[in-house]
2 protein chains.
Amino acid sequence: MKLRALKTPAALVDLAIVERNTKRMAERMVGLGCRLRPHVKTHKCAEIARLQVRGHFGGITVSTLAEARFFAAAGFRDITYAFPLPINRIEEAANLSRRLDALNVLLDHPTTLHELETHAQRTRVSFSVFLKVDCGYHRVGVEPDREESVSFATKLSQSPHLDFRGILTHAGHAYRCRTREEISRVAGQERETMVAFADRLRRAGVRIDEVSVGSTPTMSVTDNLTGVTEARPGNYAFYDAFQAGIGSCSLSDCAFSVLVTVVGHYPDQNKLVVDAGSLAFSLDPGPHHTDPECGYGVFVTMDGRPVPELSLFSMSQEHGQVRGKGRIDFERYPVGSQLRVVPNHSCLTAAMFDRYHVVRDDEVVDEWSPVRGW
Amino acid sequence: MKLRALKTPAALVDLAIVERNTKRMAERMVGLGCRLRPHVKTHKCAEIARLQVRGHFGGITVSTLAEARFFAAAGFRDITYAFPLPINRIEEAANLSRRLDALNVLLDHPTTLHELETHAQRTRVSFSVFLKVDCGYHRVGVEPDREESVSFATKLSQSPHLDFRGILTHAGHAYRCRTREEISRVAGQERETMVAFADRLRRAGVRIDEVSVGSTPTMSVTDNLTGVTEARPGNYAFYDAFQAGIGSCSLSDCAFSVLVTVVGHYPDQNKLVVDAGSLAFSLDPGPHHTDPECGYGVFVTMDGRPVPELSLFSMSQEHGQVRGKGRIDFERYPVGSQLRVVPNHSCLTAAMFDRYHVVRDDEVVDEWSPVRGW
């Protein structure tokens, strides 16, 4: 089937680019002496996860228990649930843990530790546990500079009912960068914070087997992972306009796009309207700090060349409003014609679709289905 | 089942409020002498559409062909597809049209008219067609003040292959209002623009049976629909924090909320984290023009009372970060405790869930499933 025959809006995955992105990251991590435990939350589909783990040990990272169940059913045996474990879902996690080689969970709060220990003691299901650390993003995690973080790690490591594996962080503040140089500095901080904290814990007698880091920007740019045992980037399988905007990749590395159809011309407003809005793209405002005019994505032609004169400046539920940066040549974009849009945030946009159309050049070669929900 | 036993994040529909909202709008429209053709894109589920059409003729409005098929299968016989018909979906619309009393489509461009006529001529499937009019929102539609809009309507009405029904608009600019008085002015403009354009067309010899208007803000506030034949509000079934912010409703009219669980405490940042982020809520920034500090929704207790001291100020894919407006009393929100959030935009948030938990007080009495996709 040809790309042009698809109903729109349609989610397109360019297979050659996914293969290149996943191979490159796998080789990068081998070169840096670090195991790759790719995050799969961007695409949530088994086929891409299988490409991501090639050349590594097969472990993956998920963001929900629905993903954990889905990937367990698809044959993945070592899964890190990289979200502070909600205490009302311990039972579910335990059920999953029994069926896997490892279900690694994270926590940063004494209540969660207490509930997990109580459950493990009662059921004799042991969890593999990471301490979540804040390396500067300030979303979740313990502060590595605090004495109480050392005490908490000590207590965690001494639990007879839990298998304490080590420390884990996510340098989400890399998304605030503007250049590769800035990302590189955040990557340095991520590594150094974690290695220093691991050393401090070891000096305090805490055994730390794993030092886990990872974000797509930092892992795409760093050239030093000394002291880090595993990396957990995920978005790099697709990349997106945000990553290209901050310098993690170039636009030609973006493997995910949305196929749209022009449904209206509004020359008085120098505007087109396309048949994809916030229910197709989600509403991530994108890298406004590098380009206040970035809109909700980047238009590309059917064969992937940028169309810089068009900007997806506004969306409602099903309408995408497209402004010309100069005067639009409406004859180039007739009503009924198609365009592709590389979204700002491929994780959120991909989640709006029940299936991906896998394309090679202009041929649809497969359909893949992501999991959704919690 | 009790509300508290649900896994989170969970989508909650308060049935008593939906019943009240739908009854009130149905009665409002009867009182104003106007047929109600409710939009169903907010909830996309048959059970709520059935409540919406009570006391009216049974016609509904949809935003996608997937919705049209779903509601056709659920027994709805008169459906308006309120989006500029994409020409590559005419065949699909025709197939659906054959099975219904009416599938009304809209257009505002000569290419769409040409393609629709050609299709109708070839297949002898006649479409019921509306001309989309711009009443000041400036998203799509023809400009009613232009001579060429009259010519286009004339041409459309004279097509031997199409059943021209009339004119249709959506006053989406009502969402930019700050008060009921401002909404009332937009409602006046919406009605007056359409009635004047209908008169102008009639004077030009064009038969106009239908004058269709509608947005939840304008239909919640207006007290005059003279000359209007049908209204198409939809969001009012749920309302949301945005509608409450601009004055369409009060917070206690909001029927849709997301149940979340506290997963972390960060006293240094005066912050909680909950287990729902942009994949649960979508990222609608809300009524920033009325409240720059509005965050991504409004916290309410399990029984619906506002919690004004908490603000959902930042989200990533699965994390919701909650700041205190004053100092958070963390003991009130222990790790593992639950809260509800009335989202900024119920249409986008509801679409993130595969099922709604229907609640009466603190009892889950049913589960309803929305359609998704295109």
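1. Basis. This is a predicted model: local features need pLDDT of at least 70, side-chain atom pairs count only at pLDDT 80 or more, and totals for chains, interfaces and linings use all residues. Residues are numbered from 1 along each chain as its sequence is written, and chains are lettered from A and ligands numbered from 1 in the order in which they are written.

2. The contact between chains. Chain B gives 47 residues and chain A gives 47 residues. Two residues are in contact if their C-beta atoms, placed from the backbone, lie within 7 Å. On the chain B side, the elements that give two or more residues are β4 (78-84), α5 (110-123), β10 (256-266), α10 (278-281) and α11 (346-350). The largest share, 4 residues, comes from β10(B). Helices (H or I, at least four residues) and strands (E, at least two) are DSSP runs, numbered from the N terminus.

3. Make-up of that side. The side of chain B that touches chain A has 16 nonpolar, 20 polar and 11 charged residues. Ala, Val, Leu, Ile, Met, Phe, Trp, Tyr, Cys and Pro count as nonpolar; Asp, Glu, Lys and Arg as charged; the others, Gly among them, as polar.

4. Helix α5(A). This helix has 14 residues (110-123) and reaches 20 Å from its first C-alpha to its last, close to the 20 Å expected at 1.5 Å a residue. The expected span is 1.5 Å times one less than the number of residues. Just after α5(A), Arg124(A) takes a positive phi of about 60 degrees.

5. A residue is buried if 20 or more other C-beta atoms, placed from the backbone, lie within 10 Å of its own, exposed if 12 or fewer, and partly exposed in between.

6. Val150(A). This residue lies in helix α6 of chain A. Val150(A) is partly exposed because 19 other C-beta atoms lie within 10 Å. Val150(A) touches Arg200(A), Leu201(A) and Ala204(A), not counting residues up to four places away in sequence.

7. The sheet of chain A. Eight strands form an open sheet in the order β2-β9-β8-β7-β6-β5-β4-β3, with parallel pairing. The edge strands, β2 (35-36) and β3 (60-62), each pair on one side only. β3(A) and β4(A) pair over 3 bridges, and Val62(A) stands opposite Tyr81(A) in β4(A). Two strands pair if DSSP finds at least two bridges between them.

8. Antiparallel strands in chain B. β14 (320-324) pairs with β11 (271-274) in the antiparallel sense over 4 bridges. Here Val274(B) has Gly320(B) as its bridge partner. β13 (306-315) and β14(B) also pair in the antiparallel sense, over 5 bridges. These two form a hairpin with 4 residues between them.
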